[in-house]
Every structure is written in C-alpha cells, then in structure tokens.
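Reader: I would be grateful for a close look at one part of this model, together with the cut-offs behind each term. Please set it out as a single connected account.

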Amino acid sequence: MPDNVADTTPPAERARAAFREKFGGEPEGVARAPGRVNLIGEHTDYNGGFVLPMAVDREVAVAFRSKAGRESSVYSADYDELCAFDTDAPERVDGHHWSNYVRGVASVLTKAGRPVAAINAAVEGNVPQGAGLSSSAAVEVAAVVAYDSASGLGIDPLDQVKLAQRAENEFVGVNCGIMDQFVSRLGERDRCLRIDCRDLTYAAVPIKSEDVRVVVCDTGVTRKLSAGEYNMRRSACERAAAKITGREGALLREVTLEELLASKDKLTSDEYNRALHILRENQRVGLACEALASGRYEEAGKLLYDSHASLRDLYEVSCKELDMLVEIARGVEGVCGARLTGAGFGGCTVSLVRAGAEGALEEAVMREYPGKSGLTPRVWVFEPGPGARVE
Ligand code: GLA
C-alpha cells in the first residue's frame, strides 16, 4: 500500500486533499490505522501463544463518505488509481493489488451479516511497504473502521480486529495470525501490548522513552518467498501439536516442554525444532514483560538476542542480512538487544536501545551494513502510538 515515506505531510491531511480532488466536497471522516513492530513473540500468534507488539507512528489514512447505491469507489493517491467495486460482492483483483485489502473488508463484512454502506474513499499512507511493518494490516483495519463508521454499525473493536484478519485470510489469501490487525486497532500510546492470542485478552506494558528507545532497521530485502515459507512453518507447528496431543486442531500453546521432549521420536526434526522455538518464545515473552516493567532493559535485550538466535537456527526464518544487522547492533554500546521482527526472510530488525544510544546505532548501521550487504539500509526510531480511530 501507499508508502509515501518521503512526504512529511501527515497522511490524514493528504487523504482529505485527495478526497476533495477526486470526489468533490468534504469527507465524512478519516479513518487512521498504524503499522506495527513486534518486540518479541514471533510466529507464536497462530500457535495461540503470546506476542508483544506496539503500534508505530506511521499510518494508513482513509478519507471516506457514504454514498447512495451499492458501488464503492476507492482512490489510491500513490498508485493514482481509482477502483470501483460492488460493496456486497467485490471481486478479487489478481496479484498483490492494493485494492484487495479494501475489497476484502467489504466482502467479509457482508458475509458476516453486517451489510455496510457503499463509500467513496481516498487512501494515503506512510507505513514503509514490504518491510514487515504491516502496511497491509493497517489498510484492512482503516477500511473496517471506515466502513463501520460510514454505516453507523458500532462494531466492537475486537470484532473489527477479527474481521480485518478474516479479510487477509479469506480474501487476500494469506494465512496470517491475529497480531498485526490486533495492535493496529488496539495499540496504545507509550505502550506495547502483551496479547494472549488464544483467548484474545491483552495487557499494556509501558515503554518509557526517557529510558529506552525502539529502533527499527530495514535490511532492504523485500520478503519475496515468504508466503509459501510462512505457510510451511505454520503447518509444521500444526502437525507437531497434533502428533504430541493426539488431537487434530490442537495448538502448540497447549503443549508443555516436557511433553515436547517426550514426543521427540514422533516428530521430524523440522517439526521438533519449530515447536521448540514456539514453546521457548512464549516463555521469553513473559520474561521480557517482567524485565521491561521493572526497567531491567539489558535482561529484556538478552531475550531479544535469544529470540533472534532461535528464529535463525530453529525456526529458520532469518537471512544473512538480518543476521548482519543484529551483529552490528550487538557491537554498539547502549544497545540492549536486537532481533528480526515480523515474519522474517528479509524486512526489519528491532533493537531495544538505552535512550541516547540510538544515534550511535544508526551510525554503525549506515557505516557497516552497505559494504557488508551491498544494500542501502533505513533506520527509524519509533514511539509506541495509538491504535486506529476516526476523526
Ligand atoms: C506476520 C503475520 C503475523 C505473525 C508474524 C510472525 O507479520 O502477519 O500474524 O505471524 O508474521 O510473528
């Protein structure tokens, strides 16, 4: 989706301007939904486990107004493209088309028995694309919030999250977990969310910016083969859970470390390694929350390094560029820890850094990474921001 990273005008303002230009008149509202970065708890969401993401201060904005008839018209300023579709039965466009995320939302709302008003809408954004910061979840969440508001439905926020995820699973066709849509909708300023992805309860964990900063470094490697690899990891976990418990549909969340060790002979080495990562990663999320809450940032950082090693060696979703960025971070004074964030196979690392050391990390990355990798990195310092809203 739109990645107007260079333009410093806020996306909400640009979306309003694009709406006026394309449709005339003022929008009824602007739905804003952020991207996210996950501090720890990777690939655990679809195993019913724990995650610790935060919403970032980069977002997708959808300026909208309800209209008569059943045809929704959505304009993307970045792609300079206007798409019209039947709100009740949108068709999927082949390939990674930006409008599928909006069409998907209209489709699942109708299927869930929540028929919505048709809308005119203009979409803008500044979430970097293809970097694993969930720009697509941000579009889905902004679209749910826009349709909900335009239709006066008042859908419960958690149901909005589930509908946005369903749009990705059923319409776009990516079998993702619930983390990205969850934090894009329910994120909080200055806080990460510790989400229990089995029962969908959550607790806010404060990140004090006077103590610590969250730095995200982009490898510049876009996640090409990731959809197939992602689904393979997911099915290996499902097979492992079924073999260990003797029950189809079981989740690794229900399995203890003792049970996993006792079942080692029943599992392929891939299944065993993937499951071992998940069980330990769930433990790390709990430990990281305790460490962060009491200001033990070096201890939290050590858990990030451990998570990275596990994702690299057991879950096998890292790549050499991600490993390089983690090693560069390790050499910088004041960096507490670093790891790959998101699905992996490229995209970004996240580093937990003592306040004041973020400049040194950025310098080290800019100095060392291009020569080592042949690629141009990008570095952002993100503050945890609020989740989706309409204004
Ligand atoms: C992607 C998916 C999420 C989650 C992460 C890995 O971002 O969309 O649901 O599975 O990968 O933790």
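Author: The sulfur of C336 lies too far from any other cysteine sulfur for a bond, because the closest, in C192, is 14 Å away. This is a predicted model, in which local features need pLDDT of at least 70 and side-chain atom pairs count only at pLDDT 80 or more, while totals for chains, interfaces and linings use all residues. Residues are numbered from 1 along each chain as its sequence is written, and side-chain values use heavy atoms, with hydrogens and water left out.

A disulfide here is a pair of cysteine sulfur atoms within 2.5 Å, and a search of the whole structure finds zero of them. Both residues are buried (under 20% relative accessible area, with a 1.4 Å probe and protein chains only): C336 has a value of 5% and C192 one of 0%.

Another cysteine, C176, belongs to the shell around the ligand, which also includes R36, D180, Y230 and G342; a shell residue has a heavy atom within 4 Å of the ligand. The shell divides into five nonpolar, three polar and four charged residues, with Cys and Tyr counted as nonpolar, Asp and Arg as charged, and Gly as polar.

Of the 300 Å² that the ligand exposes when taken alone, the protein buries 93%, by the Shrake-Rupley method with a 1.4 Å probe.

Definitions and conventions
Buried means under 20% relative accessible area, exposed over 50%, partly exposed in between (1.4 Å probe, protein chains only).
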